[in-house]
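Subject: Handover of a structure for your review

Dear colleague,

Please find below the structure that I am handing over to you. My findings follow it.

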Amino acid sequence: MNYNQTIICGKIVRIDPLRYTPIGKAIIEFEISHASKQIEASIERLVVCKIFAVALADMAKAISDMEVGSFVKLTGFLGKKNKISSQLALHVTHIDIL
């Protein structure tokens with residue numbers, strides 16, 4: 001089992017300042033708000049949620065130049081927020097501005 005990919009669209013609602021890891025990699029944490037209608041068990045359901053996301057290196061620098069309120073499509077994988085946290089985060093590997 002080696003497959004872990006997530007694609008989601010939403011509006012950026014928070015962007016933390018760009019910072020650097022101890023080995024010098026750029027890192028940024030941000031949050032998007034998602035809303036959509038999904039079909040579950042043949043019933044239409046409104047899905048509204050906030051997603052915590054993190055990006056590194058060039059992707060982090062690109063996100064640091066974006067504005068809160070931007071609509072984006074994020075692609076990445078799910079993992080822990082960091083080594084010591086059990087919080088789930090979307091680790092962004094690609095971003096499209098919508």
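Is C49 buried, exposed or partly exposed? C49 is partly exposed, with a relative accessible area of 26%; here buried means under 20% relative accessible area, exposed over 50%, and partly exposed in between, with a 1.4 Å probe and protein chains only.

Please note that this is a predicted model, in which local features need pLDDT of at least 70 and side-chain atom pairs count only at pLDDT 80 or more, while totals for chains, interfaces and linings use all residues. Residues are numbered from 1 along each chain as its sequence is written, and side-chain values use heavy atoms, with hydrogens and water left out.

Cysteines

A search of the whole structure finds zero disulfides (a disulfide being a pair of cysteine sulfur atoms within 2.5 Å). C9 is in no disulfide, and the nearest cysteine sulfur, that of C49, lies 12 Å away. The sulfur of C49 has its closest cysteine sulfur in C9, and this 12 Å is too far for a bond. C9 is partly exposed, at 34% relative accessible area.

Helices (H or I, at least four residues) and strands (E, at least two) are DSSP runs, numbered from the N terminus. Two strands pair if DSSP finds at least two bridges between them. β3 and β4 run antiparallel and are joined by 14 bridges. One of the pairings places I28 against A55, its bridge partner in β4. The two strands form a hairpin with two residues between them, and A41 in the turn has a positive phi of about 55 degrees.

S42 also belongs to this region, in the loop between β3 (26–40) and β4 (43–56). S42 has a positive phi of about 65 degrees although it is not a glycine, and at 74% relative accessibility S42 counts as exposed.

β4 has a further pairing, with strand β6 (residues 88–97), in the parallel sense and over two bridges. There, V54 stands opposite H91 in β6.

Within strand β4 you will find K50, which counts as exposed at 58% relative accessibility. Leaving aside residues up to four places away in sequence, K50 touches E31, I32 and S33, where contact means heavy atoms within 4.5 Å. K50 and F30 are 20 residues apart in sequence and 10 Å apart in space, C-alpha to C-alpha.

Helix α1

A57 lies in helix α1 (residues 57–64). A57 has a positive phi of about 55 degrees although it is not a glycine, and A57 is partly exposed, with a relative accessible area of 30%.

The largest pocket

How much space lies in the largest pocket? The figure is about 320 Å³. On a 1 Å grid over the protein atoms alone, a pocket is an open set of points where a 1.4 Å probe fits, with protein on both sides within 12 Å along at least five of seven lines; lining residues have an atom within 4 Å of a point. Grid points are joined across faces, edges and corners, and the volume is the space filled by probe spheres set on the points.

The lining of the largest pocket has 13 residues, and T21, I27, K81, N82 and K83 lie nearest its centre. β3 and β4 each supply at least two residues of this lining. By class, the lining has five nonpolar, three polar and five charged residues; Ala, Val, Leu, Ile, Met, Phe, Trp, Tyr, Cys and Pro count as nonpolar, Asp, Glu, Lys and Arg as charged, and the others, Gly among them, as polar.

Yours sincerely
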